[in-house]
Amino acid sequence: MIDQHRTNGGGASRRDGEVRDVTATTGQSASAAARASDVWKVYGSGEAQVIALRGVSAEFERGRFTAIMGPSGSGKSTLMHCLAGLDSVTKGTVQIGETTVTGLGDAGLTKLRRDQVGFIFQQFNLLPTLTAKENILLPLSIAGRKPDPAWFDLVIETVGLRERLGHRPAQLSGGQQQRVACARALVARPEVIFADEPTGNLDSRSGAEVLNFLRNSVRQHGQTIVMVTHDPTAAAYADRVVFLADGQIVSELVEPTADTVLDTMKRLDTPAEVVG
Ligand SMILES: Nc1ncnc2c1ncn2[C@@H]1O[C@H](COP(=O)(O)OP(=O)(O)O)[C@@H](O)[C@H]1O
Ligand SMILES: [Mg+2]
């Protein structure tokens, strides 16, 4: 069996066997795939100083699909980059699984990005000269790892790309290219996949395909996904939505629908209102 099926909302995941119980010593949940503790991020200095994150603490539970929402400039990408070890924090700590990202040097960060996290970007970021299959396997080849053939096959099947593995990105639609990028992120079975506006460049139909695929990889294969979006419909595919405003977490929803997400967005847009 490649994977156990799991239902939404906590409980067992495929990585449970590897999880040590840290609750007793830290008071934190052992099931977090990623965790930010009082994370501050300051860009520039003096007049040019921008405080992008102001003490963000958040846990991203294993085997769950979390959306991060908030207005443009609220710090969504910064938080994701800090969580993924793509950017340093000014203060605070970030953990991916058992790894304290904020304590790592360059070599450790390279290893973390290679082995423990996967990325999906708005612009797909595929290499134009490589076929779909070569793009999907590139991170593993760089890491000198061989794909698990059964898992590769399942990923290809789920993402619906079997007929197009020999195509180059230019021969694929935007939705297909993003599905190649999803397969590339998933094939290495990272601890967490971070997706920054993955449907931002797609029409609604292709966007729905990609979101369905992401949700299935969480529900059926226990993958952990953190996705930045500003689209309420996209956020409704997630199990939980975290709302950022001005570098702080201001609200949270579980089992969101497009309507409850929209309501929360409207509420947060009202400056006079107290949110929480
Ligand atoms: N490399 C950078 N240098 C300076 N300021 C930055 C940099 N990256 C982001 N910022 C600023 O930090 C704030 C948060 O940006 P960002 O995380 O990209 O927001 P979002 O993804 O929610 O639109 C913004 O004010 C942005 O201008
Ligand atoms: Mg952004």
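In what order do the 6 strands of the open sheet stand? The views below, taken from a predicted model, begin with that sheet.

**View 1. The open sheet has 6 strands with mixed pairing.** The order of the strands is S6-S7-S8-S3-S9-S10. Strand S6 (117-120) and strand S10 (248-254) are the edge strands; each has a single partner, so one side of each has no neighbour in the sheet. From one strand to the next, the twist averages 20°. Helix H9 (residues 258-269) packs on this sheet and touches strand S3 (65-69), strand S9 (240-245) and S10. The direction of H9 makes about 155° with that of S10.

**View 2. Strands S7 and S8 are a parallel pair within the sheet.** Strands of a sheet pair through backbone hydrogen bonds, in either a parallel or an antiparallel sense. Here S7 (residues 192-196) and S8 (residues 225-228) run parallel and are joined by 4 bridges.

**View 3. Strand S1 pairs with S2 and with S4.** Strand S1 (residues 32-43) runs antiparallel to S2, with 9 bridges between the two. Trp-40 has Arg-54 in S2 as its bridge partner. S1 and S2 form a hairpin, and 6 residues lie between them. In the turn, Gly-44 has a positive phi of about 70°. The pairing of S1 with strand S4 (residues 91-96) is also antiparallel and covers 5 bridges. In that pairing, Ala-34 stands opposite Ile-96.

**View 4. Oxygen atoms of ligand 1 lie close to polar atoms of Lys-76, Ser-77 and Thr-78.** An N or O atom in the side chain of Lys-76 is 2.9 Å from an oxygen atom of the ligand. For Ser-77, a polar backbone atom is 2.9 Å from a ligand oxygen atom. For Thr-78, a polar side-chain atom is 2.5 Å from an oxygen atom of ligand 1. Taken alone, ligand 1 exposes 560 Å², and the protein buries 58% of that.

Technical notes: Residues are numbered from 1 along each chain as its sequence is written. Chains are lettered from A and ligands numbered from 1 in the order in which they are written. This is a predicted model: local features need pLDDT of at least 70, side-chain atom pairs count only at pLDDT 80 or more; totals for chains, interfaces and linings use all residues. Side-chain values use heavy atoms; hydrogens and water are left out. Two strands pair if DSSP finds at least two bridges between them. Axes are lines fitted to C-alpha atoms, for helices over the stretch in contact, and angles run from 0 to 180 degrees between N-to-C directions. Contact means heavy atoms within 4.5 Å. A polar contact is a pair of N or O atoms within 3.5 Å; within protein, one must be able to donate a hydrogen and the other to accept it, and residues adjacent in sequence count only if both atoms are side-chain atoms. Accessible areas come from the Shrake-Rupley method with a 1.4 Å probe; for residues, only the protein chains shown count as cover.
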